[in-house]
Amino acid sequence: MATARPVVSIYNFENPSEKTGTMPMPVVLQSPLRPDLVREVHRDMAKNKRQAYAVKPKAGYDTAAASWCTGRAVARIPRAPGGGTHRAGQAAFGNQARGGGMFNPTTVWRRWHRRVNVTKKRHAVACALAASALPPLVMARGHKINQVAELPLVVSDGIQSLTKTKQAKETLKKLGCGEELQKVIDSKSIRAGQGKARNRRYVKRLGPLVIYNEDNGITRAMRNIPGVECAHVDRLNLLRLAPGGSFGRFVIFTEGAFKKLSDIYGTLKSGAPKKKGYTLPRAAMVNADLSRIINSTEVQSVLRPKMERYTHGIKRNALKSKELMEELNPGSTERKAVQQKASQKGTPEYDEVQKKKKARIEESKKYNKEHKKGDETFYKTLMKAFEAKAAADAAKKAAEKAEDEEDEE
Amino acid sequence: MAAPDLLWQCVKNQSCFIRKQKNFPVMTAEPGNLCGLNNFQFSGLASKKVLGLDSKKVGKKESIVLTTRSKRESRQYRPGVVLVTTGIKKGKKQGPEQLKKARFAR
């Protein structure tokens, strides 16, 4: 939503390359974009022109059929009475029976129409008008507007007095609608489906919608041009502004009509003069440009500094990478170097190691000599104790044996 | 001109340029879309920073055309003039240099 209202040029209908004036854009054309609202309202409004269809109330039940009940070796479905004709005894009434009624017969009292809140309808129209002023949306809807000078396209009032279709076509072409009109002509094709047999044989795309204020011949001039539709400003129809529920119709305004938009819809402050109790919709978010908001000084100045994200990079294996090992275990490279050197004969490290080794061996020998030789070794003391006990036991046994021998004798 | 984010929400599912295929990312045929992908970054409709690269054949001559969006406020409402096309030189050095410039300008 622009802070200052952009100014729209009015093009001369006789010579569209020149401009006859300018006008500030009416506030309606800056309404918030609500595709959801437009879709919803269109969906309901489109139901209002439907004609009822239904099967006849008596369809399938216009027989005096009755079930034959059990005992006659036939299914229990109602059967047509009488005789003398094929129809007699045939099944009737059920949806499964030939000539029977349908399941859940369509009725004329189906709720065909929907009522839509007036404010909702008005909001949807405002929204659709706003969308028609934005080139991306009009392009996205499929209109060929590359040759069009400006959007919204406003033409001087002279166009309302055109009476000849040929002139109207010329004017539109000069305004840049040639591609669009050609698109419509090229798109005419036979409808797919049964509609082709029901007086709806052809389908074609929609072209520009010309919105006028005073009909001095323009409707009749434009009506035979394929794709072109006309509408009076006072009576804008959402079904025309957003065909199929998609907003962004290519709209051509006449000067008078464009001016009248401000008179009809007014501004947010004043309300709509011609629509009692109605004010144009307000945007939920006046400035919807998120990137601008995020990058603005007001926001950036209050943010804490950006957190440094710890990126792991590629995982390195300390056992393979010497640098990483040194980082994790400082001194490990030095130690490794020393160890390496220690295995090379002649280096002081080697001598150091050998010295230590020698000392160790000496110590060990000394210790062994003290503790592992002689009579005070663990084993010997153990055996001594054992032998003592063994001898004591043996003596005991011998004594017992001697007693036994004595007893026997 | 409406905010790019808002326009994107309107256009991302509902545009005559969208082309869909099974098992394929959603693509768009709009002018000014570099990759043809239907996302906000590359959108030629919604985004303010538009970059498109096409080849144009005029008779026998085939030229490389770069499309960018005009920055002027006055041009935003003029569909014929909002997208600016420049030719890209086919030289080995000059072409990529021009593209680099355009990319950073974007």
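Me: What does Phe247(A) touch, not counting residues up to four places away in sequence?
Reply: In this predicted model, Phe247(A) touches a list that includes Leu33(A), Val38(A), Ala128(A), Leu241(A) and Cys10(B). Contact means heavy atoms within 4.5 Å.

Me: Which residues touch the most other members of the largest nonpolar core?
Reply: Phe247(A) is one of them, with Leu33(A), Leu129(A), Ile211(A) and Leu261(A). That core has 80 residues. A nonpolar core is a set of buried Ala, Val, Leu, Ile, Met, Phe, Trp, Tyr and Cys residues joined through side-chain atoms within 4.5 Å. Buried means under 20% relative accessible area, exposed over 50%, partly exposed in between (1.4 Å probe, protein chains only).

Me: Which helix gives the most to this core?
Reply: Helix α2 of chain A, residues 118–131, gives eight residues. Helices (H or I, at least four residues) and strands (E, at least two) are DSSP runs, numbered from the N terminus.

Me: Switching to chain B. How many helices and strands?
Reply: Two helices and five strands. Their order from the N terminus is α-β-β-β-β-β-α.

Me: How much of chain B is buried?
Reply: 36% of its 106 residues. The C-alpha trace spans about 40 × 40 × 25 Å along its principal axes.

Me: How are residues and chains labelled?
Reply: Residues count from 1 along each chain as its sequence is written, and chains are lettered from A, ligands numbered from 1, in the order written. Local features need pLDDT of at least 70, side-chain atom pairs count only at pLDDT 80 or more, totals for chains, interfaces and linings use all residues, and side-chain values use heavy atoms, leaving out hydrogens and water.
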